[in-house]
Amino acid sequence: MSSVVENSAILPGENLIELLEACKDNKEKATIVGPGLKRHSKNKINSHAAGQLLHRNGNLFWINSHQRYYIPCERDTVVGVVTSKFGNNCRVDIGASEQATLSLFAFPNATKRNKGIVEIGDIIFAKVMAAAKDVETELVCVDQHGRKDGLGVLPKGGYMIKVPINISRRLLAPDSRISEFLGQKYRFEKAIGMNGRIWIRARSFETTILISNFIKQLEYIPNSELMETCNLLCK
């Protein structure tokens with residue numbers, strides 16, 4: 001379970017190395033930084049978002065912020081929309097200040113004769129391979145072993161919604177049971193991006209909209225009322 005670090009209202013640009021070292025649950029292991037934090041050196045871990053500092057066992061720290069503007073981070077999974085194609089690359093809108101680039105060779109088993117098939121308007125589930133200040137964000141549709149692992153062009157008939165980024169993190173948290181509970185009541189597919197975009201496809205459009213509206217309301221539902229709200233939704 002995650003916990004809030006006491007008296008931890010964080011502002012962008014702060015060096016948090018001393019605070020993180022003091023709050024580690026295992027002093028012998030390294031500190032792991034998540035969204036909102038970036039390690040610059042052994043003695044410098046800066047925040048690049050405002051919010052609460054959260055901690056989970058295993059020396060994992062991240063910042064929970066109610067941001068809608070996405071800052072690309074390596075290894076994030078994102079949901080985006082293809083806006084253009086040029087040569088062997090395409091541009092993908094991922095909700096950041098600049099569009100990302102996706103190579104048509106960044107798909108499983110892609111070759112010069114067998115490139116990824118992508119069309120303008122397609123919704124893509126991809127992983128951020130490279131992201132840095134003043135450098136174009138690069139996406140790939142393969143995991144670290146070269147496998148698809150759910151990445152790629154998402155099927156037609158789905159519906160993409162935009163939510164605050166903290167909702168995506170809440171759904172993806174290891175201790176979250178929201179997706180599990182909804183899956184017991186409805187049959188649907190989903191792709192959750194760390195950029196605050198979520199793709200949903202259910203058997204009927206009505207069910208897709210119902211699930212989408214519930215997810216949008218998560219910003220206002222505390223964990224203590226979550227199961228009760230889910231039960232009301234299903235009725």
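Me: Which residues does Leu139 touch, leaving out those up to four places away in sequence?
Reply: Leu139 touches Val78, Val92, Ile94, Ala100, Thr101, Leu102, Ser103, Ala106, Ala126, Lys127, Val128 and Met129. A contact means heavy atoms within 4.5 Å. This is a predicted model: local features need pLDDT of at least 70, side-chain atom pairs count only at pLDDT 80 or more, and totals for chains, interfaces and linings use all residues. Residues are numbered from 1 along each chain as its sequence is written, and side-chain values use heavy atoms, with hydrogens and water left out.

Me: How many residues are in the largest nonpolar core?
Reply: That core has 30 residues. Ile94, Leu102 and Leu139 have the most contacts inside it. A nonpolar core is a set of buried Ala, Val, Leu, Ile, Met, Phe, Trp, Tyr and Cys residues joined through side-chain atoms within 4.5 Å. Buried means under 20% relative accessible area, exposed over 50%, partly exposed in between (1.4 Å probe, protein chains only).

Me: Which element gives the largest share of this core?
Reply: β10, with 6 residues. Strands (E, at least two residues) are DSSP runs, numbered from the N terminus.

Me: New topic. How do β5 and β6 run, parallel or antiparallel?
Reply: Antiparallel, with 5 bridges joining β5 (residues 51-56) to β6. Strands pair if DSSP finds at least two bridges between them. Leu53 has Ile63 in β6 as its bridge partner.

Me: What sits in the turn of their hairpin?
Reply: There are 3 residues between the two strands, and Gly58 in the turn has a positive phi of about 105°.

Me: And how does β2 run against β6, parallel or antiparallel?
Reply: Parallel, with 2 bridges joining β2 (residues 32-33) to β6 (residues 60-64). Val33 has Phe61 as its bridge partner in β6.

Conventions: Helix = DSSP H or I, 4+ residues; strand = E, 2+ residues; numbered from the N terminus.
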